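Open the model in your viewer and keep the selection tool ready. We will go stop by stop.

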Amino acid sequence: MSSSPQAPTRAVTADADTRPSLTVLSGFWPAATFAVARALLAADTSLLLVRHDLAGIRDGVVRRVVRSGAGIVEDEQVELKHGCVSCTLREDVLPTLVRLTRNRPGQDLVLMLPEVVEPEAVAAACAHCLVDGAPITDLLRIDSYVTVLDAEHLLDGLASIEDLTTLGIQAAEDDHRALADVVVRQIEYADTLVLWGQSREGEFDTGRLAILLQRMAPWATHIRLNGDFVDAGMLTRQLRHTHRHRPDTPGVLARGLQGYTLGAHEPEPDCGVVSAVFRARRPFHPQRLHDVLEEVNAEVIRSRGHLWLASQPDTVVAWEFAGGGLAMGSLGHWLVSLPEDRWDHVDDQRRLAAALDWDPYYGDRHQHLVFIGLDVDPVELHRTLTGCLLTDAELADGEETWRTYPDPFAGCFPLGVEELTDTDTDTDTEGARPA
């Protein structure tokens with residue numbers, strides 16, 4: 001193993017950081033998430049756990065509970081002006097963390113999120129919402145984002161076609177997210193995943209779930225707990241003071257554009273789990289791609305990535321599938337479609353990734369999709385997607401001809417005049433579901 005001359009400097013800097021540490025726990029199954037939180041409290045009685053109950057959020061009321069290993073510290077109802085998660089984060093969650101840090105200096109915190117809250121939303125609030133004119137990271141250090149998955153219910157959650165409104169657990173009146181979308185986003189943003197308990201189908205199926213999680217989030221640290229006996233001390237060492245969170249890591253839809261791993265290519269089944277990466281430089285023919293949307297996701301639990309359509313050559317198109325539904329949306333412009341003076345508005349990492357993979361003809365445009373599922377045939381998947389790419393003859397026709405192709409996606413991915421910003425590589429694709 002080679003040593004880095006900067007390694008001692010980083011270690012000294014981390015040790016010298018005296019800010020209290022914040023661990024963020026998320027998970028769609030609160031019993032498993034709270035079990036992990038209780039284990040952390042048992043190992044360190046000075047640790048403070050902050051929870052918000054959103055059951056009454058649509059009536060403008062949220063219940064906040066703060067506890068330590070010794071018992072309840074606070075239990076209050078908070079009235080909010082607007083019944084939504086974003087206002088809860090802005091108006092109570094972040095101010096509570098700041099207040100506790102000031103009033104109880106030196107005590108670390110654990111924030112347990114309600115089951116319908118995605119950790120990326122919390123990270124965005126921590127980065128952009130100020131408390132008393134300053135970011136909360138001036139007072140505390142966000143150590144890691146941990147997602148807890150209940151092995152008994154995980155596969156059902158990933159396969160669910162229900163939405164939060166149907167289940168009556170939406171976080172706001174206009175919250176139309178699918179249950180599976182929430183679960184995959186909790187998995188993919190986390191830097192640490194905890195698989196809790198056992199599958200109803202036994203040890204083999206539990207092991208298969210662990211492999212599935214490895215394929216869905218190869219960038220995360222993975223931990224398995226059987227749930228019957230938990231060593232609180234060991235779990236604390238695995239989950240706290242890990243320094244795993246990297247605030248500059250993009251959301252999952254922007255990962256590939258910024259040169260980060262989007263998925264692992266593991267075409268050989270492991271307990272039936274397959275992860276296949278499809279990459280290509282040629283554009284997709286819009287009609288041929290539209291015709292195979294259902295086919296390519298038929299056996300898939302999760303697919304994600306970005307692509308370019310011949311008929312819309314300026315647009316980076318986001319692709320994400322979960323819970324039986326495919327969502328597509330705009331991730332902004334390809335850099336090759338922009339004058340160079342507008343590149344200054346693009347994230348440095350995005351420009352570097354594009355430069356390293358630049359093609360003299362296509363520029364930074366390319367296809368990058370990942371498909372993860374059980375018993376997926378990666379060869380057939382690759383053959384199907386390759387058949388959607390432009391042929392040599394179609395390529396020779398040129399871009400002006402491509403723009404005239406019949407396009408079932410026409411109007412789905414608009415690019416505004418002021419489209420390109422530092423957040424150009426992230427989008428909400430909800431509602432852009434192809435017919």
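**Before you start**

This is a predicted model, in which local features need pLDDT of at least 70, side-chain atom pairs count only at pLDDT 80 or more, and totals for chains, interfaces and linings use all residues. Residues are numbered from 1 along each chain as its sequence is written, and side-chain values use heavy atoms, with hydrogens and water left out.

**Stop 1: an enclosed space**

Rolling a probe the size of a water molecule over the atoms shows where empty space is left. A cavity is a set of points, on a 1 Å grid over the protein atoms alone, where a 1.4 Å probe fits but cannot get out. How many cavities of 30 Å³ or more does a search of the whole structure find? The search finds 1. The largest cavity holds about 60 Å³; volume here is the space filled by probe spheres set on the points, which are joined across faces, edges and corners.

Select H52, L54, V85, T88, L89, V93, L111, L113, P114 and V117, which line the largest cavity. Lining residues have an atom within 4 Å of a point. The lining has 8 nonpolar, 2 polar and no charged residues. Nonpolar covers Ala, Val, Leu, Ile, Met, Phe, Trp, Tyr, Cys and Pro; charged covers Asp, Glu, Lys and Arg; the others, Gly among them, are polar. Now colour helix 3 (residues 85-103), which gives the most to this lining, with 4 residues. Helices (H or I, at least four residues) and strands (E, at least two) are DSSP runs, numbered from the N terminus.

**Stop 2: an open space**

A pocket is an open set of points with protein on both sides within 12 Å along at least five of seven lines. The second largest pocket has a volume of about 350 Å³. It has 20 lining residues, and H52, D53, L54, A55 and E115 are the closest to its centre. Show strand 2 (48-53) and strand 3 (61-68): each supplies at least two residues of the lining. The lining divides into 11 nonpolar, 3 polar and 6 charged residues.

**Stop 3: a covered helix**

Select helix 7 (residues 179-189). Is helix 7 mostly covered or mostly uncovered? It is mostly covered, with 11 of its 11 residues buried. Buried means under 20% relative accessible area, exposed over 50%, and partly exposed in between (1.4 Å probe, protein chains only).

**Stop 4: T192**

Move on to T192, in strand 7 (residues 192-196). T192 counts as buried because its relative accessibility is 0%. Its side chain makes a polar contact with the side chain of R244, at 2.9 Å. A polar contact is a pair of N or O atoms within 3.5 Å; within protein, one must be able to donate a hydrogen and the other to accept it, and residues adjacent in sequence count only if both atoms are side-chain atoms.

**Stop 5: cysteines**

A disulfide is a pair of cysteine sulfur atoms within 2.5 Å. The whole structure has 0 disulfides.

**Stop 6: two loop residues**

Most residues other than glycine have a negative phi. H243 has a positive phi, near 55°. Find H243 in the loop between helix 9 (232-239) and helix 10 (252-255). C271 also has a positive phi, near 55°. C271 sits between strand 9 (266-270) and strand 10 (273-280).
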